[in-house]
Amino acid sequence: MTLHATVEERPRDGVMEHYLETLGLVERLHRLLLDVIKDEFERLGQIEINAVQALLLFNIGEHEVTAGELKSRGYYQGSNVSYNLKKLVEAGYMHHERCEVDRRSVRVRLTAKGRAVRDAVAALFRRHADVLETRGVIGFSGDDDVNTLLKRMERFWTDQIRYIY
């Protein structure tokens, strides 16, 4: 059942209708973000990795992390983080080594090749932010209403999960 079908089946409740519209927008924006990254990498001739993997490299940045840490950040729902990390290591985008403290855990960090992908995604995001602000589509001041709203929703959803158990 889609969010739109859910809206159509319910009586027109303004709050519910707006909430479901927001949920749909968040989902579509994430999918569009992946499409934008995919298109950029196709334009650059970089077809060795997919958009989820490129976003993963971007979010790791200069950090050294475990797969569990990436999952807990919540960026990769619906994708297999361990599988993507394995593929990125095999393709030379990441280094991996066993954690000294917990030998079951593997820590990963970007190679020069991985940093090049991260830099390409950062340049794409930088261009987009500049165009959005220059054209007045959206401003990115510290008190942006959109980000404030989304952060409140994130806190609300996080609280819902914590108190279920």
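**Stop 1: the nonpolar core**

Select F41, I49, L57, I60, L85 and M94. Within the largest nonpolar core, which has 24 residues, these touch the most other members. Keep in mind that you are looking at a predicted model.

**Stop 2: the whole chain**

Zoom out. Count 7 helices and 3 strands. Walk along the sequence and the pattern reads α-α-α-β-α-α-β-β-α-α. The chain has 165 residues, and 27% of them count as buried. Take the contacts between residues at least 6 apart in sequence: 50% of these join residues at least 24 apart.

Next, colour by confidence. The average pLDDT of the chain is 83, and 84% of the residues score at least 70. Which elements have the lowest and the highest mean pLDDT? Helix α1, residues 3-9, is lowest at 55. Helix α6, residues 112-134, is highest at 94.

**Stop 3: α2 against α3**

Select residues 14-43 for helix α2 and 51-60 for helix α3. Two packed helices are described by the angle between their axes and the distance between the axes. For α2 and α3, the angle is about 95° and the axes are 8 Å apart. Angles of 65 to 115 degrees count as roughly perpendicular, so α2 and α3 are roughly perpendicular to each other.

Show the side chains where the two helices meet. From α2, pick H30, L33, L34, I37, K38 and F41. From α3, pick A51, V52, A54 and L55. By class, this contact of α2 with α3 has 8 nonpolar, 1 polar and 1 charged residues.

**Stop 4: α3 against α6**

On the α3 side, select A54, L55, L57 and F58. On the α6 side, select G114, V117, R118, V121, A122 and F125. The residues of the contact of α3 with α6 divide into 8 nonpolar, 1 polar and 1 charged.

**Stop 5: L57**

Centre on L57, in helix α3. Is L57 buried or exposed? Its relative accessibility is 0%, so L57 counts as buried. Leave aside residues up to four places away in sequence, and L57 touches I49, L88, Y93, M94, L110, G114, V117 and R118. Then draw a distance from L57 to D119. They are 62 residues apart along the chain, yet their C-alpha atoms are separated by 9.4 Å.

**Stop 6: M94**

From L57, step across to M94, one of the residues L57 touches. Which residues does M94 touch, not counting those up to four places away in sequence? Select L57, I60, L85, L88, V89, V108, R109, L110 and T111.

**Stop 7: V108**

Move on to V108, found in strand β3. V108 has a relative accessible area of 4% and is buried, because buried means under 20%. Around V108, select I60, H63, E64, V65, L85, M94, H95 and H96; these are in contact with V108, leaving aside neighbours within four places in sequence. V108 and L85 are 23 residues apart along the chain, and their C-alpha atoms are separated by 8.2 Å.

**Stop 8: K87**

Finish at K87, in helix α5. K87 has a relative accessible area of 34%, so K87 is partly exposed. I49 takes you back to the core of the opening stop, where I49 is among the residues that touch the most other members.

Technical notes. Residues numbered from 1 in each chain as written. Predicted model: local features only at pLDDT ≥ 70, side-chain atom pairs only at ≥ 80, totals over all residues. Heavy atoms only, no water. pLDDT = per-residue confidence, 0-100. Helix = DSSP H or I, 4+ residues; strand = E, 2+ residues; numbered from the N terminus. Axes fitted to C-alpha atoms, helices over the stretch in contact; angles between N-to-C directions. Parallel < 35°, antiparallel > 145°, perpendicular 65-115°, else oblique. Contact = heavy atoms within 4.5 Å. Nonpolar A, V, L, I, M, F, W, Y, C, P; charged D, E, K, R; others polar. Core = buried A, V, L, I, M, F, W, Y, C linked by side-chain atoms within 4.5 Å. Buried < 20%, exposed > 50% of the residue type's maximum accessible area, 1.4 Å probe, protein only.
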